[in-house]
Amino acid sequence: MMALRFLHTVLALTALAATAVTAAAQAPQGTLAKIKERGKLLAGVKLDTPPFGLLDDKNEPVGFDIDLVRSIGARIGVPVELVKVTSATRIPLLVSGNVDLVAASMTHTRERDKAIDFSITYYTGGQSLMVPKASTITGVKDLGGKQVAVQQGTTLEKNLAAAAPTAKIIAFRDYTAAWLALAQGRADAFTGSLNVLQGFLKDNPNFKIVGEMFSVEPFGVGVRQGDSDLRDEINFALQDLWTSGEYASLYRKWFNADPTMPIEVWP
């Protein structure tokens, strides 16, 4: 009798093992496995947000975000193919599978977290104002009745509406169009992340950045919901960049300053 029970137990365990193997073989392939099989990482980046992403004098994509995704690709062991995205297209292109990740100066918000997952925060900035050098605007308190250029459909637009409810918001499809509105005198001020404004200011000495930052913007790399293997690789890449000191080198390269906020590093 005991021998019979033992035989039944062995048969049951064998059946369970076979089921597990079959289930594993049929499990849907994650993005990380697809990247390795494809032999390249498709990274969505913006090219209108200096110094996070821009075109250099040779019309080549460069920037802080682009250096980071190339480091992520190196960790995975594949080259990176850059895919241009905008604020409006970055999440739809990610969700539809046209890119594997999005590193596009994107603030991690609770609303966006309903649609996609985010890496740990790799940059924390804040929103500020840029005005002509002769302007009397000194901060958001002076924006009542003023025309302020901003990117449409972004947290920047929402933050501006909350901080300066009587300002006349002029929303544009991207950073470059908003900047041109200020440069061509069609707006009294231009608002965006401080480091992005500094990128535009670099070659335009007739303008200035004024006032205190009036928001906190934690940037994260976006991945599709449930893409935990890829998100882990991104997080580990960012943490290794921090502990090796390479993150600080990249930060100084693009922002001409030392990082002020550390990256979260897990023990």
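Mentor: Gladly, and let's begin with rings: those of Phe, Tyr and Trp (its six-membered ring) pair if their centres lie within 6.5 Å, and planes under 30 degrees apart count as stacked, over 60 as edge-to-face and the rest as tilted. One aromatic cluster is formed by Phe52, Phe64, Tyr122, Tyr123, Phe219, Trp242, Tyr247, Tyr251 and Phe255. By the pairing rule the count comes to 22 aromatic pairs. Do keep in mind that this is a predicted model, where local features need pLDDT of at least 70 and side-chain atom pairs count only at pLDDT 80 or more, while totals for chains, interfaces and linings use all residues. Residues are numbered from 1 along each chain as its sequence is written, and side-chain values use heavy atoms, leaving out hydrogens and water.

Trainee: Why is the pair of Trp179 and Phe190 called tilted?

Mentor: Their centres are 6.3 Å apart, and the planes make 45 degrees. Trp179 lies in helix H7 and Phe190 in strand S11, so the pair ties together parts eleven residues apart in sequence. Helices (H or I, at least four residues) and strands (E, at least two) are DSSP runs, numbered from the N terminus.

Trainee: How do you know that Trp179 is buried?

Mentor: Buried means under 20% relative accessible area, exposed over 50%, and partly exposed in between (1.4 Å probe, protein chains only). Trp179 has 9%, so it counts as buried. Phe190, at 0%, is buried as well.

Trainee: And what makes the pair of Tyr247 and Tyr251 tilted?

Mentor: The ring centres are 6.0 Å apart and the planes stand at 35 degrees, so this pair is tilted too. Both residues lie in helix H10, four residues apart, about one turn of the helix. An α-helix has 3.6 residues a turn, so residues three or four places apart point the same way. Tyr247 is buried at 1%, and Tyr251 is buried at 7%.

Trainee: Why is H3 called roughly antiparallel to H10?

Mentor: Helix H3 (residues 64–76) and helix H10 (residues 246–255) pack at about 155 degrees, with axes 10 Å apart. Angles under 35 degrees count as roughly parallel, over 145 as roughly antiparallel, 65 to 115 as roughly perpendicular and the rest as oblique. The angle between H3 and H10 is over 145, so they are roughly antiparallel. Axes here are lines fitted to C-alpha atoms, for helices over the stretch in contact, and angles run from 0 to 180 degrees between N-to-C directions.

Trainee: Which residues of H3 meet H10?

Mentor: Phe64, Asp67, Leu68 and Ser71 do, and their partners in H10 include Tyr247, Leu250 and Trp254. Contact means heavy atoms within 4.5 Å.

Trainee: What makes Gly145 partly exposed rather than buried?

Mentor: Its relative accessible area is 42%, which lies between 20% and 50%, so Gly145 is partly exposed. Gly145 sits in the loop between S8 and strand S9 (147–151). Leaving aside neighbours within four places in sequence, Gly145 is in contact with Thr166, Ala167 and Lys168.

Trainee: Is Asp174 buried or exposed?

Mentor: Asp174 has 14%, which is under 20%, so Asp174 is buried. The loop between strand S10 (168–172) and H7 holds Asp174. Not counting residues up to four places away in sequence, Asp174 touches Asp48 and Gln151.
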